[in-house]
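Please look at the sequence and the three-dimensional model below, and keep both in view while you read.

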Amino acid sequence: MPHLTLEYTDNLTDADVRDALNNLNLSLVESGLFDEVDIKSRAIPFAIFQVGAGLEARAFVHVTLSILKGRTLEVQQALSQRLLNELNGIFVGYRAAHLQLCVEITEIAAESYAKAVINPHLR
């Protein structure tokens, strides 16, 4: 835990998505709330998308951070702002289209979450 999903429009052709995931993961580590090895992230590009109804170039990046239920609202807000600040830093020079950056925190019920770790170095 946690799980981070970065969804983005594929017209962000200059974006280094792998680097963005790494920076977002590092930001989560720096929060002091998660062990580095437990952070799982992935990126999903969208080839078909629509932002509003205008014809001008538009794009979005939406990060969903799923964490176990039980963190305070203040902690969730701090995580959301931390990740949004990181996204702002990643896309600070982007000028090709109107770009919206969004972060959402979701909670996973610990009672139904299952996890196993297979570590080949412990055999």
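Ala 15 lies in the loop between β1 and α1, where the names of such elements come from DSSP runs numbered from the N terminus, a helix being a run of H or I with at least four residues and a strand a run of E with at least two. With a relative accessible area of 27%, Ala 15 is partly exposed, a class that sits between buried, under 20%, and exposed, over 50%, as judged with a 1.4 Å probe and protein chains only. Ala 15 and Phe 91 are 76 residues apart in sequence, while their C-alpha atoms are 7.8 Å apart in space.

This is a predicted model, in which local features need pLDDT of at least 70 and side-chain atom pairs count only at pLDDT 80 or more, whereas totals for chains, interfaces and linings use all residues. Residues are numbered from 1 along each chain as its sequence is written, and side-chain values use heavy atoms, with hydrogens and water left out.

**Separations along the chain and in space**

| Pair | Apart in sequence | C-alpha to C-alpha |
|---|---|---|
| Ala 15 and Phe 91 | 76 residues | 7.8 Å |
| Leu 6 and Val 61 | 55 residues | 6.9 Å |
| Gly 54 and Ala 78 | 24 residues | 33 Å |

Leu 6 is found in strand β1, which covers residues 3-9, and is buried because its relative accessible area is 3%. Leaving out residues up to four places away in sequence, Leu 6 touches several others, among them Val 17, Ala 20, Leu 21, Leu 24, Ile 44 and Val 61, where contact means heavy atoms within 4.5 Å. Gly 54 is found in the loop between β2 and β3, and with 24% relative accessibility Gly 54 counts as partly exposed.

**The start of the chain**

Pro 2 is found in the segment before β1, and the peptide bond that joins Met 1 and Pro 2 is cis, with omega about 10 degrees.

**The two helices**

How do the axes of helix α1 and helix α2 cross, and at roughly what angle? The axes of α1 (residues 17-30) and α2 (residues 73-90) come within 10 Å and cross at roughly 145 degrees, an axis being a line fitted to C-alpha atoms over the stretch in contact, with angles running from 0 to 180 degrees between N-to-C directions. On the α1 side, Ala 20, Asn 23, Leu 24, Ser 27, Leu 28 and Glu 30 take part in the contact, and they meet Leu 79, Arg 82, Leu 83, Glu 86, Leu 87 and Ile 90 in α2. By class, this contact of α1 with α2 has seven nonpolar, two polar and three charged residues, where Ala, Val, Leu, Ile, Met, Phe, Trp, Tyr, Cys and Pro count as nonpolar, Asp, Glu, Lys and Arg as charged, and the others, Gly among them, as polar.

Helix α1 also holds Asn 25, which is buried, with a relative accessible area of 18%. Beyond its neighbours within four places in sequence, Asn 25 is in contact with Ile 39 and Ser 41.

**The aromatic rings**

A pair of aromatic rings is described by the distance of the centres and the angle of the planes. Rings of Phe, Tyr and Trp (its six-membered ring) pair if their centres lie within 6.5 Å, and planes under 30 degrees apart count as stacked, over 60 as edge-to-face and the rest as tilted. By this rule the count comes to two aromatic pairs. The rings of Phe 46 and Phe 60 have centres 6.2 Å apart and planes at 40 degrees, so this pair is tilted. Phe 46 lies in strand β2 (residues 40-46) and Phe 60 in strand β3 (residues 58-68), so the pair ties together parts that are 14 residues apart in sequence. The rings of Phe 49 and Phe 60 have centres 6.4 Å apart and planes at 90 degrees, and therefore this pair is edge-to-face. Phe 46, Phe 49 and Phe 60 form one aromatic cluster.

**The chain as a whole**

The protein chain has two helices and four strands, which follow the pattern β-α-β-β-α-β along the sequence. Of its 123 residues, 31% count as buried.
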